[in-house]
Amino acid sequence: MSRQTIGILSGLAAAAIWGGMYVVSKVVLGVIPPFVLVTLRLLIGILVLWIIIARHGGTGFTRRQTIQAISVGLVGYGVSLGFQFVGTSLSTASNGAVITAATPAFVFLFAAWLLNEPITRMRLAALGVSTLGVLAIIDPRQMHLSSDLFLGNLCLFAAALTWALYSVLVRKVTRGMDVLPATMVFFWGGLLVSVPASVWELQVISIGPINSWVVLGVLYLGVISTALAMYLWNRAFAILEAGLAALTFFAQPLVGATLGALFLNEQLSWLFLLGSLLIGWGIWLAARPEKARLTE
């Protein structure tokens with residue numbers, strides 16, 4: 001199996017796991033407030049990865065590398081997730097789905113700026129085709145643009161922008177770091193925001209009754225959706241050019257819609273099939289070798 005194939009499969013697997021989070025998160029967030037849940041996820045992720053890393057002698061990072069990794073994690077798991085929670089609470093889920101679909105486009109721009117990755121005609125075509133596929137699946141006609149939702153939509157836009165920046169920074173800093181320990185240190189950066197936010201949150205929102213299903217849900221979100229999925233996502237960006245890795249993000253709404261139909265009795269239309277085909281086509285286009293730059 002080629003290195004590019006491993007990178008694509010890693011990104012698709014991460015996005016697929018996140019697409020499946022909706023069902024579990026819906027149950028857990030009814031009991032545990034959002035920032036408290038993020039803190040628990042990050043702590044579980046740190047514990048799981050540290051168990052693995054400690055057997056190999058620790059991270060081996062210099063102080064400078066550690067600070068770099070914490071800073072990158074602050075952008076992704078602190079700032080971006082913070083904007084996402086605030087935006088979702090002030091806006092709507094459908095708005096979040098549509099605005100989040102802009103993330104790969106922002107990755108292209110940040111990758112050209114920070115990594116000097118060429119913006120090619122083929123990659124732009126792949127981005128356009130995949131974006132149309134996502135829009136077909138999530139149906140932007142459900143989006144609400146009233147002035148009452150403006151601040152929420154602005155926060156969702158900031159979440160998409162900062163997650164794209166985080167993803168590109170992952171590729172930049174992991175050139176000199178192993179991805180697994182770097183992922184663990186990224187989580188520490190997220191705690192710089194989630195812990196203070198959790199302390200405030202617990203003063204205004206109480207935790208609901210904890211049962212075995214909630215505990216299992218938290219463990220799933222911490223081990224699978226955080227430790228495993230974040231590692232796979234970071235691995236994809238460490239292996240692939242950011243423009244290609246970003247397109248694997250589009251598997252998230254595809255898997256989310258499929259699981260919603262299987263477990264939540266949500267209906268799938270012909271647009272879902274069309275969108276799935278377009279997303280697959282877009283990733284295939286992006287994975288093809290290309291020579292010409294757009295600027296040439």
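Tutor: A salt bridge pairs a side-chain nitrogen of Lys or Arg with a carboxyl oxygen of Asp or Glu within 4 Å. This is a predicted model, in which local features need pLDDT of at least 70 and side-chain atom pairs count only at pLDDT 80 or more, whereas totals for chains, interfaces and linings use all residues. Residues are numbered from 1 along each chain as its sequence is written, and side-chain values use heavy atoms, with hydrogens and water left out.

Student: Which side chains meet in a salt bridge?

Tutor: The structure holds one salt bridge, with a distance from N to O of 3.3 Å. The side chains that form it belong to Arg171 and Glu117.

Student: How many residues apart are Arg171 and Glu117?

Tutor: The pair links distant parts of the chain, for Arg171 belongs to helix H8 (residues 150-173), a helix being a DSSP run of H or I with at least four residues. Glu117, by contrast, sits in the loop between H6 and helix H7 (121-138). The separation between Arg171 and Glu117 is 54 residues.

Student: Where is Asn116, the residue with a positive phi?

Tutor: Phi of Asn116 is near 60°, a positive value in a residue other than glycine. Asn116 is exposed because its relative accessible area is 59%. As for its place in the chain, Asn116 is in the loop between H6 and H7.

Student: Which helix gives the most to the lining of the largest cavity?

Tutor: The lining (residues with an atom within 4 Å of a point) consists of Phe108, Ala111, Ala112, Glu117, Pro118, Ile119, Arg123 and Gly243. By class, these are five nonpolar, one polar and two charged residues, where Ala, Phe, Ile and Pro are among the nonpolar types, Glu and Arg among the charged, and Gly among the polar. With three residues in the lining, the helix that gives the most spans residues 103-114 and is H6.

Note on methods. On a 1 Å grid over the protein atoms alone, a cavity is a set of points where a 1.4 Å probe fits but cannot get out, and a pocket is an open set with protein on both sides within 12 Å along at least five of seven lines; lining residues have an atom within 4 Å of a point. Helices (H or I, at least four residues) and strands (E, at least two) are DSSP runs, numbered from the N terminus. Buried means under 20% relative accessible area, exposed over 50%, partly exposed in between (1.4 Å probe, protein chains only).
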